[in-house]
Amino acid sequence: MKTIEFTLTLLYIIACIGIGFWANKKVSSSTSDYWVAGRQIGTFTNSWALMAALASGGSVLGVMGLAYVQGIPYTFSMYAGAAAGFPLASALIARQMRDLELYTVTDFFRFRYKNKAIELIVPLIIVISMGTYIIAQMKAAGVTAVYLLGIPYNVAVSITALVFIIYVSIGGMWAITLTDVLQGILMVSMVLVLAVVLFFNFGGITPLVAQATAAHADLGVVKALSPASYVGAFVVWFLAGCVSPHLVMRVFTTRDVKTAKLSLNYSVLIYAFMIVFGVLAISSAGHIVLPNLKDPDTLFLELISMYLPRVIGGFAVAAVMAAVMSTTDALLLAASSAITHDIYVKFINPNASEKTVVKVGLFSSWIIGLLALLFAFNPPKLLTMLYTAAIGLLGSTLFVPVVLGIWWKKATPQGALWSIIVGGISYCYLLWFTKMAALTHILAALPLAFVTFVVVSLVTKQSDQEVISRLEQLHQ
Amino acid sequence: MSNNKSLYTMPKGDLYTLICLLLYTIITFVSLSTKATFSGVAVFGWLMGLFMFAAPIFGLVCMKFDEYDQQQNKTSNISK
């Protein structure tokens with residue numbers, strides 16, 4: 001019986017649900033509090049919450065395994081894309097998105113393009129992408145709990161799912177924000193504690209890395225992948241900060257533009273410390289002390305058990321759960337808001353009261369969460385492909401109409417609609433029906449979406465003068 | 001900040017952030033062609049690792065630049 005691990009995990013779960021019940025008092029009758037935490041979140045809280053939303057199970061377990069197998073250069077090129085994407089979002093969209101006082105990404109399309117087809121397609125793309133992402137995260141949580149707690153996979157997935165569905169559904173954005181701060185601090189601390197211990201044991205950063213690359217040269221070299229694979233890995237995540245709803249919604253929660261921009265940049269600094277020092281220490285030490293590891297994703301957990309006291313191992317379980325939950329809760333709220341705010345309120349019941357909307361939000365969180373749980377019981381084999389495809393699909397369809405919609409006066413509704421269609425179809429076609437190198441599909445789909453947007457916008461009716469005037473105000 | 005052009009004018013700080021991100025990205029990907037290493041890790045790998053710190057620092061410094069620029073504009077408007 002792994003008493004310490006169980007006790008610490010239980011305490012962590014109780015803390016998350018407790019925060020959910022506390023937050024419920026604030027959000028029970030206000031859509032603003034439920035979806036965007038009343039737009040009262042400050043820089044410190046939002047920085048940690050953003051970092052936690054970005055850093056999923058992949059940023060604690062997967063990244064170490066990826067570096068162990070594919071080498072440090074490839075891993076850093078993928079994660080640097082995510083890191084550089086936040087300053088990009090800070091420069092391109094943060095000011096305007098925050099000042100528009102939106103609830104969802106679809107709200108931006110509604111304001112800028114006023115087109116019913118777009119208003120229906122965008123939330124559908126968001127629900128599909130976020131749903132796929134949630135299933136991948138649930139599977140990661142289940143595998144971790146099986147490894148660390150020794151409980152059956154289906155039990156582990158169910159417990160994890162029920163915990164975050166409960167606190168998201170009852171506590172909305174307030175619960176997510178506060179739990180994300182707790183989860184962010186927990187996961188960063190665990191990775192950095194292990195990294196420091198490893199650096200100390202091996203005589204510092206460069207001696208450890210040099211020793212590892214001497215033992216296994218592939219760890220440090222640029223592999224024989226095409227340069228397009230490196231560029232594709234970078235670009236997919238570079239664009240995510242501007243369009244992925246679970247990240248963009250954090251911009252909506254901030255108390256002002258300065259807070260939004262500062263927190264986008266501070267969150268990446270925290271993330272950089274965790275990823276860079278974590279990868280350098282853990283993947284390097286792995287090649288020295290565990291050169292023939294069968295399942296690279298367990299590297300972090302194996303080294304924790306070798307180098308840190310057992311009580312810390314208990315915190316490691318909670319830290320991995322935290323990494324998974326902090327992303328999944330934000331994904332769940334993004335998907336729930338797409339159904340409730342973008343489809344139910346705008347298409348089905350426009351006169352719904354705030355209390356009704358909050359209740360529908362709670363109900364849709366349960367439906368999406370339980371559906372994802374059903375898929376997670378028997379996850380598709382190509383889950384990693386689907387999850388990466390989900391982020392690539394968001395970039396290929398939404399990046400061009402969002403960014404040009406903010407910065408280009410001649411952007412039109414028809415341009416946006418056809419750009420979304422061409423970007424989405426070309427991306428899916430290239431992904432499923434061609435043999436292009438992994439992660440390179442966006443490099444073809446994005447330019448196609450861009451050209452379509454510009455050409456169609458130039459030959460179709462301009463946006464209303466009212467929209468252009470509001471845009472002018474936003475840029476003053 | 002709007003004008004008669006079809007693109008809205010970007011605040012200088014945001015524009016400099018974009019330029020820094022773009023330049024750093026190009027330089028880093030050009031280094032893919034070199035086989036030089038440091039402590040056994042390709043220069044490309046180190047540059048990408050450094051990028052994770054450099055990108056937000058570009059963003060923060062350029063934000064400060066914008067604030068300074070706005071203060072200067074206010075001061076010069078008052079003195080006029």
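**Polar contacts and salt bridges**

Across the interface of chain B and chain A, 8 residue pairs are in polar contact, both residues at pLDDT 80 or more; a polar contact is a pair of N or O atoms within 3.5 Å, where within protein one must be able to donate a hydrogen and the other to accept it, and residues adjacent in sequence count only if both atoms are side-chain atoms. The model is predicted, with local features needing pLDDT of at least 70, side-chain atom pairs counting only at pLDDT 80 or more, and totals for chains, interfaces and linings using all residues. Residues are numbered from 1 along each chain as its sequence is written, chains are lettered from A in the order in which they are written, and side-chain values use heavy atoms, without hydrogens and water.

The interface also holds 3 salt bridges (a side-chain nitrogen of Lys or Arg within 4 Å of a carboxyl oxygen of Asp or Glu). Asp14(B) pairs in a salt bridge with Arg95(A), with 3.8 Å between the closest N and O atoms.

**Extent of the interface**

Chain B contributes 39 residues and chain A 48 residues to the contact, meaning heavy atoms within 4.5 Å. The two chains bury about 3,600 Å² between them, 77% of it on carbon and sulfur atoms; buried area is the accessible area (1.4 Å probe) lost on putting two parts together, summed over both. In chain B, the residues losing the most area to chain A are Tyr8(B), Met52(B) and Phe53(B), together 22% of what that side buries.
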